[in-house]
Amino acid sequence: MARPEDEEVDYCIVGAGVAGCVVANRLTEDANTSVALLEAGPRDWHPWIHIPATCLWLQSDARFNWLYESEPVPESGGRRFRISQGRVLGGSGSINGMLHVRGQAADFDSWAQSGCRGWSHDEVLPFFAKAESYDGAGDAALRGRDGPLAVSDFLAVHPLTQAFLDAAQESGVQVNADMNGSSREGAALYQQNRRGRFRANAGQTYLRAARRRPNLRLLTEAPVTRILFEGRRAVGIAYRRDGMERIIRARREVILSGGAMRSPHLLQLSGIGDASWLRACGIAPLLGLPGVGRNLRDHYQIRVAHRVGGVVTLNERTRGLAVVKEALAYAFLGRGMLTMGAGTAALFHRSREGLAAPDSQLVFAPGSFAAPGVLEREPGMTIGGWPSRPESHGTVRLRTAEPLEPPAIAPGYLSAQEDRRVIVSCLRMIRRLFAAPSLARWSRHETFPGDAVHSDDELLDFARQRGSAGLHFTGTCRMGSDPGAVVDPRLRLRGVEGLRVVDASIMPNCTVGNTNATVVMVAEKGAAMIREDALQSIAARQAAAAT
Ligand SMILES: Cc1cc2nc3c(=O)[nH]c(=O)nc-3n(C[C@H](O)[C@H](O)[C@H](O)COP(=O)(O)OP(=O)(O)OC[C@H]3O[C@@H](n4cnc5c(N)ncnc54)[C@H](O)[C@@H]3O)c2cc1C
């Protein structure tokens, strides 16, 4: 029952992350549509968010990051993993490495074949193009030039990055001039979500454009605590602010864009999920939907590092006088190390002969890490690798009925034999690349894991003990047409009305490539479907009124 003090809008969007910002922008293009966009975290005021390289410092900054700790993972030495996820306007897109990689055609074609009608590569390609404005060369038929999402080539190519591409060729791998062109084959320079010297992800582009519109109501530091239902219809949300619970009612739909951890968690808190999980926390099930919070996938990553001689790496450029020079180059010229993100080039790898498409990704960085987000003092370079379409999967499950209590995250890394095989193949390919003349020229020795690790068993053990979260989480509200799916191919929650999920959680699996660009595509397509469905229901109501 609506109270006079409740606000009412057409759509409530939960989470102003990558997907939420895209959807808010597209829905408010229609001046007659009102939208409330609620974000648990603060505004994106901090300069470290906007300077590309300083994203490394945000990895452990609890002001802008949910900073989860996973459950112990049995196949990864029983370790707990630190899991960064953005909690700020722009979401993880405000703290991520800014690397822009579309999924490969085979990913989307397999979605369509598995029951996600409308999501084949040909059908999603227009949304990738619509989203972006790419400032480099590239096939005009495939690349977008005037979308909101800025995509740029790196301003300069580090000599070690060039050596990585040359080493790829020396190892029999072709170099691809446009990583986001017609294929994800071979080795290629990364592209970034950067405009000029600044980060330019969904928060800084889609949301900035929409914030001026009077039909968008944006609330920050407003965690949504539950979805409100009348019978089986979602009619609004409750959120907390200043210690009070408040309500916003949605005339048309509630849209969950809280990301792969929080969208399933909010559904569970609202009574939708595995009934036994809900009852264990004292929540009466509204709808038993066991897929909610299952099928958690990620790109489990392992890195190999080398000591370097004869060329300056990122490590030395972050210390002493060099860092002052970098700051001046950034401030006055908009160039230098501070314009860079997490990696500089990638190689899409086939882990065995006979595969129709790459199944794993290697990532090069002209620097090396002492700890997550902390570069080593001595010169170094790194190649990381991960299985791209992991078969291992885990869960996100509520611990208690208290909405602000984080969910239990069990990522299930390396639980599938196939992923264990693929990660060993990645490590072998990484060593081949380091041994190729162009990289060997600069390498002094392998620092990590080092000479003692050789056999497949030793490599696998290294991957178990030293691998880290890839932070490309997907799958916890899986899209499909089968009884186990959480949302249908129009992203509507199965079994209730007025509720959709639009974010990384609907992806059936990770794509080959980092996930941000695909999430933007999902949100573009999701927003288009929401608008189409609204027009159809208005037309149906008018037709009914006319008869
Ligand atoms: C550190 C890091 C580095 C990464 N690097 C890259 C990269 O270089 N390239 C790439 O392609 N991908 C990268 N990714 C992955 C990419 O950023 C994600 O795939 C993408 O951001 C997912 O978008 P989303 O909209 O699903 O979730 P998010 O962008 O995480 O947005 C979810 C938002 O919802 C908010 N929220 C959640 N629950 C609630 C609630 N109850 N009430 C209100 N608000 C709520 C959150 O605070 C958050 O702002 C990285 C991710 C991380 C964390």
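Analyst: Ala, Val, Leu, Ile, Met, Phe, Trp, Tyr, Cys and Pro count as nonpolar, Asp, Glu, Lys and Arg as charged, and the others, Gly among them, as polar. With this grouping, the lining of the second largest pocket in this predicted model divides into 18 nonpolar, five polar and one charged residue.

The space in the second largest pocket amounts to about 420 Å³. Its lining consists of 24 residues, and those closest to the centre of the pocket are Ala53, Leu56, Thr318, Met337 and Leu375. Two or more lining residues come from each of the elements α3 (55-58), α11 (320-333) and β22 (374-375). The largest share, three residues, is given by α3.

The ligand is surrounded by 38 residues, of which Glu39, Ser92, Val224, Thr515 and Asn516 are the closest. This shell divides into 16 nonpolar, 18 polar and four charged residues. A polar side-chain atom of Trp66 is found 3.2 Å from a ligand oxygen atom, and a polar side-chain atom of Asn96 is found 3.0 Å from a ligand oxygen atom. Val88 contributes through its backbone, with an N or O atom 3.3 Å from an oxygen atom of the ligand. On its own, the ligand has 1,000 Å² of accessible area, and the protein covers 95% of this. The elements giving two or more residues to the shell are α1 (18-28), α8 (259-269) and α15 (516-546).

The backbone geometry remains to be considered. Most residues other than glycine have a negative phi, and most peptide bonds are trans. Met98, although not a glycine, has a positive phi of about 70 degrees. Met98 is placed in the loop between β4 (82-83) and β5 (99-100). Met98 counts as buried because its relative accessibility is 1%, and buried means under 20%. Asn295 likewise is not a glycine and has a positive phi, of about 65 degrees. Its position is in the loop between β17 (287-288) and β18 (302-308). With a relative accessibility of 10%, Asn295 therefore also counts as buried. Finally, Phe448 and Pro449 are joined by a cis peptide bond, with an omega of about 10 degrees. Pro449 belongs to the loop between β26 (443-448) and α14 (456-466).

Conventions:
Residues are numbered from 1 along each chain as its sequence is written. This is a predicted model: local features need pLDDT of at least 70, side-chain atom pairs count only at pLDDT 80 or more; totals for chains, interfaces and linings use all residues. Side-chain values use heavy atoms; hydrogens and water are left out. On a 1 Å grid over the protein atoms alone, a cavity is a set of points where a 1.4 Å probe fits but cannot get out, and a pocket is an open set with protein on both sides within 12 Å along at least five of seven lines; lining residues have an atom within 4 Å of a point. Grid points are joined across faces, edges and corners, and a volume is the space filled by probe spheres set on the points. Helices (H or I, at least four residues) and strands (E, at least two) are DSSP runs, numbered from the N terminus. A residue is near a molecule or strand if one of its heavy atoms lies within 4 Å of it. A polar contact is a pair of N or O atoms within 3.5 Å; within protein, one must be able to donate a hydrogen and the other to accept it, and residues adjacent in sequence count only if both atoms are side-chain atoms. Accessible areas come from the Shrake-Rupley method with a 1.4 Å probe; for residues, only the protein chains shown count as cover. Buried means under 20% relative accessible area, exposed over 50%, partly exposed in between (1.4 Å probe, protein chains only).
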